[in-house]
Amino acid sequence: MHAARWIALYLVLVAAPFAALLWGELPPSRGFWFDLSVALGFAGMAMMAMQFALTARFRRLSAPFGIDVIYLFHRYLAWIALVLVAAHFAILWLFETEALGPTIDPRVAPWELTAGRAALLLFALAVVTSEWRQLLRLEYGLWRYAHVALATLGFAAAVAHIIGVGHFTAAPGKRALWLSVTLAWALLVIWVRVVRPWRQRRQPWRVVEVRPERNDTVTLALEPEGHEGLRRFMPGQFAWLTLRGSPFGLREHPYTIASAPEALPRVELGIKALGDFSAEVARIRPGERAWLDAPYGVFSIDRHREAPGFVG
């Protein structure tokens, strides 16, 4: 039931812009294809706006599903939203050419149409570089910076396009709706990228042991520095780890907590060398500073004591 409520809330939030836009006096219809295109564009934008909430790592949201399922949901919805936004443009290009203006040259085209085209391009780049990051040989840290920049700029350009065109948002109340959506999105970005890293920075951890294990695996032991550390966690949960940098640096990586809850405040992470960052962990020395964002995850027998087993 908890999961069903979150799914219902998602559907309500995605549909809310339609209810608001259809409220009050409507502009004259410009034909089936134009109205369909606009509807698809608003649907894609509503879904794009929700993408930020899905990756904000709210524990209440991820609890019924697991954060891995949330991220998988985010991935598939990104493709659906991109298809909707692309269909918005494609329908106009095929059936309502005059709505796209006389030229695509940004130097002379109306700014609001240029903003829409830029948003579509930025969204497409965000999705494509995420889906085929390894094929494109994008380093993980560089990809994260690029993904945040592309998504942020794309959303801002899309909002500017909607308000600039003004077909359904000319009324003050409807214009206020999209400005409110933009403000809520901006506050969410500030929380995720500024407030939460700032809080992490005030609670550093210290590397106290780097213990080699078998099969290119290293156990990294951490203890809190100047704070009480984690109050509790369940076996099977994981932590987002940042090393040799800052919580603001977008270079955090998820690792399962390998130590028992009874060992707190000491936390141990088992890290196998599978990429650039994990291979670097073996070169970390005791005394170096780290940051943890934890605990996350629902893959724990403590949540399902009657389950037949997690490992077959």
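In the predicted model, the charged end of Arg-57 is placed over the ring of Trp-240, at 4.2 Å from the ring centre. Trp-240 also belongs to an aromatic cluster, which it forms together with Tyr-71, Phe-238 and Tyr-296. A further contact of a charge with a ring involves Arg-30, whose charged end sits over the ring of Phe-34 at 4.1 Å from its centre.

Across the whole structure, a search identifies 11 aromatic pairs. One of them is formed by Tyr-10 and Phe-73, with ring centres 5.7 Å apart and planes at 65°; the pair is therefore edge-to-face, as the angle exceeds the 60 degrees over which planes are assigned to that class. Tyr-10 is located in helix α1 (residues 2-22) and Phe-73 in helix α4 (residues 67-95), so the pair ties together parts that are 63 residues apart in sequence. The two partners fall into separate accessibility classes: Tyr-10 counts as buried, at 12% relative accessibility, whereas Phe-73 is partly exposed, with a relative accessible area of 36%.

Nonpolar side chains also contribute to the surface. Leu-183, Leu-187, Ile-190, Val-194, Trp-198 and Phe-248 make a nonpolar surface patch of about 580 Å². Among these residues, Leu-183 lies in helix α7, which spans residues 172-201. The relative accessible area of Leu-183 is 52%, and this residue is therefore classed as exposed, the cut-off being over 50%.

How values were computed
Residues are numbered from 1 along each chain as its sequence is written. This is a predicted model: local features need pLDDT of at least 70, side-chain atom pairs count only at pLDDT 80 or more; totals for chains, interfaces and linings use all residues. Side-chain values use heavy atoms; hydrogens and water are left out. Rings of Phe, Tyr and Trp (its six-membered ring) pair if their centres lie within 6.5 Å; planes under 30 degrees apart count as stacked, over 60 as edge-to-face and the rest as tilted. Helices (H or I, at least four residues) and strands (E, at least two) are DSSP runs, numbered from the N terminus. Buried means under 20% relative accessible area, exposed over 50%, partly exposed in between (1.4 Å probe, protein chains only). A charge sits over a ring if NZ of Lys or CZ of Arg is within 6 Å of the ring centre and within 35 degrees of the ring normal. Patches are made of residues with over 30% relative accessible area and no salt bridge: like charges are joined within 9 Å, nonpolar side chains (Val, Leu, Ile, Met, Phe, Trp, Tyr) within 5 Å. Accessible areas come from the Shrake-Rupley method with a 1.4 Å probe; for residues, only the protein chains shown count as cover. A salt bridge is a side-chain nitrogen of Lys or Arg within 4 Å of a carboxyl oxygen of Asp or Glu.
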